[in-house]
Amino acid sequence: MTAEMGTDLRAHWDERYRSGQTPWDTGITPPEVQRFWTDAELPRPGAYALDIGCGSGLNTLFLARQGLCAIGVDLSGRALMLAHRRLRASVSDDSLPQTGKAVFVQADVSRLPVGPIGAVYALDIGCLHSLPDARRPLYARGIWRALCPGGYYHVYAFDRDKISAGSSNARGMDDGEVAALFGDALQIVTEERGIPSERSRSSSVRQSRWYLLQKR
Ligand SMILES: C[S@@+](CC[C@H](N)C(=O)[O-])C[C@H]1O[C@@H](n2cnc3c(N)ncnc32)[C@H](O)[C@@H]1O
């Protein structure tokens, strides 16, 4: 991605947040993520988790409430302003436990600004599928590097939609693309059809999937 493309993308996402065109911002952490953490073993205190393309930070704070040190990464300054506001509100109403922590970083997720931090979990809801195809391998390498062996990568993505192919956002994922991106490094544990939320059911709904992968 050239610097110009990056600026265009940032402007696009900033404008979505500025104008309130954020149908994904439902205020509810998806049941698929809640279920994962209900079933998961408790993470070791202070273990890292990533929220990739964290938007207004709802799910980053959900991860912090699981006792994780959650790092939310997003390109959009507008989104991160909302995320910081949400964080301040949860600190003042005491809904963040002492053990959990949330921080937000403005960065392009295809140049993830973290090294091998031994993250136990990385979540991506609706970011990977919007990345230009050429950036996806770099993104995948960043996720692989950040995770510990046995760490999980949980992603929600639209299927590639033939009609919108070539448009600049939410390009979607081809069949088998998630598995191919990570090759032997991460294995697919589950792949399930996404269920549209109540709020998005009214608009035209694209096919989507939840993928859970684990680093070998
Ligand atoms: C559909 S929204 C989902 C936000 C959040 N995951 C949620 O569920 O509320 C996609 C997010 O990815 C961010 N994003 C898109 N491309 C990005 C990139 N290359 N680097 C960092 N963030 C990006 C956008 O700014 C936006 O906040």
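Which residues in helix 3 meet which residues in helix 4?

**View 1. Helix 3 against helix 4.** L58, T60 and L61 of helix 3 meet A83, R86, L87 and S90 of helix 4, where a contact means C-beta atoms, placed from the backbone, within 7 Å. By type, the residues of this contact are four nonpolar, two polar and one charged (nonpolar: Ala, Val, Leu, Ile, Met, Phe, Trp, Tyr, Cys and Pro; charged: Asp, Glu, Lys and Arg; polar: the others, Gly among them). This is a predicted model, in which local features need pLDDT of at least 70 and side-chain atom pairs count only at pLDDT 80 or more, while totals for chains, interfaces and linings use all residues. Numbering starts from 1 along each chain as its sequence is written.

**View 2. The ligand shell.** Here 21 residues surround the ligand, with W13, G53, G55, L75 and G126 the closest (near means a C-beta atom, placed from the backbone, within 6 Å). Helix 1 (3-19) and helix 3 (58-65) are the elements giving two or more residues to this shell; helices (H or I, at least four residues) and strands (E, at least two) are DSSP runs, numbered from the N terminus. The shell splits into 11 nonpolar, seven polar and three charged residues.

**View 3. Helix 5 and its neighbours.** In helix 5 (residues 136-146), Y139, A140, G142, I143, W144 and A146 are buried, that is, 20 or more other C-beta atoms lie within 10 Å of their own, all placed from the backbone. These buried residues pack against several elements, including strand 1 (48-52), strand 4 (119-125) and helix 6 (177-182).

Methods:
A residue is buried if 20 or more other C-beta atoms lie within 10 Å of its own, exposed if 12 or fewer, and partly exposed in between; C-beta atoms are placed from the backbone. Two residues are in contact if their C-beta atoms, placed from the backbone, lie within 7 Å.
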